[in-house]
Amino acid sequence: MTKDLIVSSTPQETKVALLDDGVVSEIFIEREAHRGIVGNLYKGKVTRVLPGMQSSFVDIGQERDAFLYVADVIDELDENLLTPEETGRPAPAAPRPAPGGNGSAPPADGGVAETAAPVAPAEAAEPALAAGPAPATAMATPSPASVNHRNTTIEEMLEAGQEVLVQVVKEPLGQKGARITSHVSLPGRYLVFMPTVEHVGVSRKITDDDERRRLKTILKDLRQQRGGGGLIARTVGEGHSREDFERDMRFLSRTWDEVRAQSSRQGAPALLHRELSLVQRLLRDILSDDIANIRLDSEKEFQRTLDMVNVLQPELSPRVRLYNGPQAILEEYGVAGELERALRSKVWLDSGGYIVINQTEALVAIDVNTGRYTGKKTLEDTILKTNLEAVKELVRQIRLRDLGGIIVVDFIDMEERRSRQKVMAGLEQELKKDRSPSKLLSVNEFGLVILTRKRVKQSLERTLCQPCPYCSGSGMVKSVATVCSEIYDEVRKLAPHFSGSTVSLRVSPEVARALKGEESAVLKELCAVLGHDVHVQGDPLLHQEQFDVVPK
């Protein structure tokens, strides 16, 4: 599969589209006035500690305080995080398990065991493109200190007014502030440096045992030279030399030292380190031989991209090209049309079927329908073909719209278990193309499939749109008939106070037309109740649900 990056830059925003074999699969948007903060490091001040939620709120200088959960809090780091074996000192004796217990001491290899709990900031799977810190896929053993913290309460670790060094792992969503962690994760080109944990790991996507051992050996040596911290070899590091990892390590180590130095000099809240720009993050995370072309329409961004590619992978620099076509670059490569369609709820399939995508506060619901497709054989065959076609499109739409959290897919009901298994297998296969971590639950007899997908920032719809001011974001307004009924009830309630006065109704133009047309019976009843005519006045400034009853 060939991939292309299409980059459109203006002084106000940057849009990047990832094309798989010419089809738009992902879109990224970054606005200069509202740059994402995932991956940024801050010195924050604790504003509130909530024992009942085992969490705290931290002021990091944003509009809303950030949220810090107890599992994401660490104490001040020791300067030397090496294990006794790495420093040459004898290891302390392992504690004996309590009688009748089955406890065991953590391994003494610096945490390279890959069957233990996942490292907190790396999350055991590669996050979405350009989503921020550490796309890493390794498992690791936590340090003894972090194990002890599992039994420590938030009020024992933090207090209001305390200053903490934190990293943003999730953008503010809706009315919620950013999610932060004390477990810092600094991604480089070939490795991820995590100074607050003690372990060595290798991306799960690197499957060759000899290569995994080679990379672990390199990382252990680098860790010992540094004096501790955690290191994970990224997928792109497979086959690369020790010098490449050393160069990455020197840069990340220097970055962390600068962050610590700034933190000691500045008061809270303060920004200590800003993540790379959108295009730079994408180049760092996905640049590989699979990228056939990188096309940009800005001379400035073109030169910056070319410089970075020359540093990361010089042999790919001829693939970086400046676009000078007569059409806008997003229109030329079909991105503009896909972007517009991605904001609609209904998506048509080639067969004539369609899917409907609805985002709510709690989850995303996707409904599959046969639509105009009637099939050629049996009903089961028609349903199976529609569901299989929908699988490919709905996964593409999930990636394109950057949908996250809980996603419920309502496939068309299938009678045969074999059909359900085919749909499930197809869905699992398509989800492998998605770099964002997801978990899939099996289809039930009603055709429902539930999956969760990591969400670190706003979806495409929430980025580009705002709630409708007319319907307050509900997508619905009261019907004209309902408003007419409410007018009737209100006038009847106020009738005793009018004392024979003439009454004027000020309503929206749609309601005024209805009262003189299909809802004229309501107006006649009002005249009968009041004993005189009612004057109706249409006001285009009124919302459809608003009306005024004015005595003259």
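This is a predicted model: local features need pLDDT of at least 70, side-chain atom pairs count only at pLDDT 80 or more; totals for chains, interfaces and linings use all residues.

Visitor: Which residues of H10 and H11 meet?

Guide: On the H10 side they are Glu380, Leu384, Asn387, Leu388, Val391, Lys392, Leu394 and Val395. On the H11 side they are Ser419, Lys422, Val423, Gly426, Leu427, Glu430 and Leu431. Sorted by class, the residues of this contact are eight nonpolar, three polar and four charged.

Visitor: Is Glu393 buried or exposed?

Guide: Buried means under 20% relative accessible area. Glu393 has 15% relative accessibility, so it counts as buried.

Visitor: How does helix H13 pack with helix H15?

Guide: Read the angle and the distance again. H13 (residues 480–498) and H15 (residues 520–530) pack at about 10°, with axes 10 Å apart. H13 is therefore roughly parallel to H15. From H13, the contact takes in Cys484, Ile487, Tyr488, Val491, Arg492, Ala495 and Phe498. From H15 come Val522, Glu525, Leu526, Val529 and Leu530. The classes are 10 nonpolar, no polar and two charged residues.

Visitor: Which residues does Tyr488 contact, beyond its neighbours within four places in sequence?

Guide: Tyr488 is in helix H13. Its contacts are Val522, Glu525, Leu526 and Val529. Take Val522 in particular. Tyr488 and Val522 are 34 residues apart along the chain, yet their C-alpha atoms are separated by 6.7 Å.

Visitor: How many residues of H6 are buried?

Guide: Eight of the nine, so H6 is largely enclosed by the rest of the structure. The buried residues are Leu278, Val279, Arg281, Leu282, Leu283, Arg284, Asp285 and Ile286.

Visitor: What covers the buried residues of H6?

Guide: The cover includes strands E1 (3–9), E2 (13–20), E3 (23–31), E9 and E14 (291–296). Helix H7 is also among the covering elements.

Visitor: At what angle do H6 and H7 cross?

Guide: Roughly 25°. The axes of H6 (residues 278–286) and H7 (residues 299–312) come within 11 Å. H6 is therefore roughly parallel to H7. H6 passes H7 in a right-handed crossing. In the contact, Val279, Gln280, Leu283 and Arg284 of H6 meet Glu301, Arg304, Thr305, Met308, Val309 and Leu312 of H7. The contact has five nonpolar, two polar and three charged residues.

Visitor: How many aromatic pairs does the structure hold?

Guide: Four. For each pair, read the distance between ring centres and the angle between planes. Phe57 and Phe67 are 5.9 Å centre to centre, with 70° between the planes. Planes over 60 degrees apart count as edge-to-face, and this pair is edge-to-face. Phe57 lies in strand E5 (residues 55–59) and Phe67 in strand E6 (residues 66–69). The two are 10 residues apart. Phe67 is partly exposed, at a relative accessible area of 21%.

Visitor: What about the rings of Tyr190 and Phe245?

Guide: Their centres are 6.0 Å apart and their planes at 50°, so the pair is tilted. Tyr190 lies in the loop between strands E9 (186–187) and E10 (191–194), while Phe245 lies in helix H5 (residues 242–265). The pair therefore ties together parts 55 residues apart in sequence. Tyr190 and Phe245 are buried.

Visitor: What does the secondary structure of the protein come to?

Guide: It comes to 15 helices and 24 strands. Of the 552 residues, 47% are buried. Among contacts with a separation of 6 or more, 68% are between residues 24 or more positions apart.

How values were computed: Residues are numbered from 1 along each chain as its sequence is written. Side-chain values use heavy atoms; hydrogens and water are left out. Contact means heavy atoms within 4.5 Å. Helices (H or I, at least four residues) and strands (E, at least two) are DSSP runs, numbered from the N terminus. Ala, Val, Leu, Ile, Met, Phe, Trp, Tyr, Cys and Pro count as nonpolar, Asp, Glu, Lys and Arg as charged, and the others, Gly among them, as polar. Rings of Phe, Tyr and Trp (its six-membered ring) pair if their centres lie within 6.5 Å; planes under 30 degrees apart count as stacked, over 60 as edge-to-face and the rest as tilted. Buried means under 20% relative accessible area, exposed over 50%, partly exposed in between (1.4 Å probe, protein chains only). Axes are lines fitted to C-alpha atoms, for helices over the stretch in contact, and angles run from 0 to 180 degrees between N-to-C directions. Angles under 35 degrees count as roughly parallel, over 145 as roughly antiparallel, 65 to 115 as roughly perpendicular and the rest as oblique. A crossing is left-handed if the near helix is turned anticlockwise from the far one by less than a right angle, and right-handed if clockwise.
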